[in-house]
Amino acid sequence: MKEVKRLREKLGNYTKENNFKLNSNQEIVRTILTGLLKNKDKKGELYCPCRITTGNKEKDKDIVCPCIFHKQEIQKTGYCKCNLFVTL
């Protein structure tokens, strides 16, 4: 659980720097953070658990959280695909 707390803090700081926030639903946040950490353990990176890895590290670097898609998704819909990041 320490890892989840550290990751929550890291991503929380990231959101403050980028004018959005973590989802207020703590169950969603905990689930996504746990998925990120499982991917880190199994695949070596914090791959977004809502996206499918290809096994090609060069292609998959785009889906390391925060992925390259999240800002555009937040701008368009108010949240990223996995619902971790949301508008203020």
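**View 1. Surroundings of Thr87.** Thr87 touches Phe20, Lys21, Ile74 and Gly78, leaving aside residues up to four places away in sequence; contact means heavy atoms within 4.5 Å. Thr87 belongs to strand β2 (residues 85–87). Helices (H or I, at least four residues) and strands (E, at least two) are DSSP runs, numbered from the N terminus. With a relative accessible area of 38%, Thr87 is partly exposed; buried means under 20% relative accessible area, exposed over 50%, and partly exposed in between (1.4 Å probe, protein chains only). The C-alpha atoms of Thr87 and Leu22 are separated by 8.5 Å, although the two residues are 65 residues apart along the chain. This is a predicted model, in which local features need pLDDT of at least 70 and side-chain atom pairs count only at pLDDT 80 or more, while totals for chains, interfaces and linings use all residues. Residues are numbered from 1 along each chain as its sequence is written, and side-chain values use heavy atoms, with hydrogens and water left out.

**View 2. Thr15 in helix α1.** Thr15 lies in helix α1 and counts as buried at 3% relative accessibility. Thr15 touches Phe20, Lys21, Leu22 and Phe85, not counting residues up to four places away in sequence.

**View 3. Helix α2 and its ends.** Helix α2 (residues 26–43) has 18 residues and reaches 25 Å from its first C-alpha to its last. This is close to the 26 Å expected at 1.5 Å a residue, where the expected span is 1.5 Å times one less than the number of residues. At the start of α2, a side-chain oxygen of Asn25 comes to within 3.0 Å of the backbone nitrogen of Glu27. Just after α2, Gly44 takes a positive phi of about 90°. The buried residues of the helix are Val29, Ile32, Leu33, Gly35, Leu36, Leu37 and Asn39, and they pack against α1 (2–18) and β1 (20–22).

**View 4. The largest nonpolar core.** A nonpolar core is a set of buried Ala, Val, Leu, Ile, Met, Phe, Trp, Tyr and Cys residues joined through side-chain atoms within 4.5 Å. The largest one has 19 residues, and those with the most contacts inside it are Leu7, Leu11, Leu33, Leu36, Leu84 and Phe85. Two or more residues of this core come from each of α1, β1 and α2. Helix α2 gives the largest share, five residues. Leu84 touches Leu11, Lys21, Leu22, Asn23, Val29, Ile32, Leu33, Leu36 and Cys65, not counting residues up to four places away in sequence.

View 5. For Cys48, the nearest cysteine sulfur, that of Cys82, is 4.2 Å away. Cys48 is buried, with a relative accessible area of 6%. For Cys50, the nearest cysteine sulfur is also that of Cys82, 4.1 Å away. Cys50 is partly exposed, with a relative accessible area of 27%.

View 6. Most residues other than glycine have a negative phi, and most peptide bonds are trans. Asn19 has a positive phi, near 65°; this residue is in the loop between α1 and β1 and is exposed, with a relative accessible area of 59%. Asn83 has a positive phi of about 70°. Asn83 is found in the loop between α4 and β2 and is partly exposed at 26% relative accessible area. A cis peptide bond, with omega about -5°, joins Cys65 and Pro66. Pro66 lies in the loop between α3 (57–60) and α4 (70–77).

Terms used:
Polar contact = N/O pair within 3.5 Å; in protein donor to acceptor, adjacent residues only side chain to side chain. Disulfide = S-S within 2.5 Å.
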